[in-house]
Amino acid sequence: MFRRVALLTFAVVWCASSGFAYDTWGSRDHPLFPRPYGYDIADYAERDDSLRILGHPAFMRGKMTEIVYYAQGQPLSPSELGVRFIASLRRAGGEIVFREEPGLGGRYVAGKFAHPGRDVWVVQEAVSLREFRLTFLETPNGAPAPHSYPAVTDDETEAQVLDLLHAVDRSGSLEFPARFASGSSALSKGYEPGFKKVVKLMEKDPSLKFRVSTYIDSDLTPAQQRTLLRDRAAKLVDTLVGMGADKGRLAMDLATGEAATPVSRGVVRLTSVDSVEPAEQ
């Protein structure tokens, strides 16, 4: 009797100290997608069902597993959840087939694993502030991949802009995708939805001021790098202003050299600042 009580006491203490989650009975995590700390499984289901991935032309049917997670403590933002999902997907050898850009408040990401005789589709969607859902669907090989992005409603855009405000408040900066033609300041098409979210972000909080940083191409002299940074930053500022942003709240970051924080290729960074005085020439 004493032995059983001791073992039970040890189990209770171990669960409490290890962050044990009070999950739905019979539920389990997917081995390739570890849960964030502080989340419990609120719902779990396995069944034959149909699923339509955003951008996919039709519903697909197969064996489905659905896991709903709920944050007991401080929840992660949809952007943070999206980044975690993509990292897990790529680490396991999967491919992204559809995503609402997580760095711009996207709540939905879908991926795919190809196995002999079957494909496994996986979708993560932030369904509320504290909940997100992972859905896995097995189908025969050969189902076509998604090919288009759906229209985003005003309510969805508003929710994503609020996520951006949360991200800027926590990190002081925001990175979003934007590409330029090699060696020039010509801005590639296709990133306009992200630019519009930045404009709405500035409208939502009139106190925000940003320093704009862009990436540079390799094999350039310091003088060429400086010119390219200036031209690309100016082009991005003009693009945002053309969509309604206040030019007086945007400044170009012209810093180069070791002191400059590098910006990844294909990405633009907006850093929140108190003033918009440009960097010294």
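Ring pairs link F33, F85, F113 and F136 into a cluster, where a pair means Phe, Tyr or Trp rings (for Trp the six-membered one) with centres within 6.5 Å. By plane angle, pairs under 30 degrees count as stacked, those over 60 as edge-to-face and the rest as tilted. The structure holds 8 aromatic pairs. The model is a predicted one, in which local features need pLDDT of at least 70 and side-chain atom pairs count only at pLDDT 80 or more, while totals for chains, interfaces and linings use all residues. Residues are numbered from 1 along each chain as its sequence is written, and side-chain values use heavy atoms, with hydrogens and water left out.

As for the chain as a whole, 5 helices and 10 strands are found; these are DSSP runs numbered from the N terminus, with helices (H or I) of at least four residues and strands (E) of at least two. Of the 281 residues, 39% count as buried, that is, under 20% relative accessible area, with exposed set at over 50% and partly exposed in between (1.4 Å probe, protein chains only). Among contacts (heavy atoms within 4.5 Å) between residues at least 6 apart in sequence, 63% join residues at least 24 apart.

Back to the rings: how are they described? A pair of aromatic rings is characterised by the distance of the centres and the angle of the planes. One of the 8 aromatic pairs is formed by F176 and F195, edge-to-face at 5.9 Å centre to centre and 75° between the planes. F176 belongs to strand β7 (residues 173-177) and F195 to helix α4 (residues 192-204), so this pair ties together parts that are 19 residues apart in sequence. F176 counts as buried at 2% relative accessibility, and F195 is buried with a relative accessible area of 2%. The rings of F180 and Y215 have centres 6.0 Å apart and planes at 55°, so that pair is tilted. Because F180 lies in the loop between β7 and α4, and Y215 in the loop between β8 (210-213) and α5 (222-242), the pair ties together parts 35 residues apart in sequence. F180 and Y215 are both buried.

Not counting residues up to four places away in sequence, L240 touches F195, V198, V199, A245 and L250. L240 and V199 are 41 residues apart in sequence, yet 6.6 Å apart in space, C-alpha to C-alpha.

Strand β8 has two partners to consider here. It runs parallel to strand β9 (residues 250-252), joined by 3 bridges, where pairing requires at least two DSSP bridges. F210 stands opposite L250 in β9. The β-α-β crossover from β8 through α5 to β9 is right-handed, meaning that the path from the first strand over the helix to the second runs clockwise when the strands point away from the viewer. With strand β10 (residues 267-272), β8 pairs in the antiparallel sense over 4 bridges, and F210 stands opposite S272.
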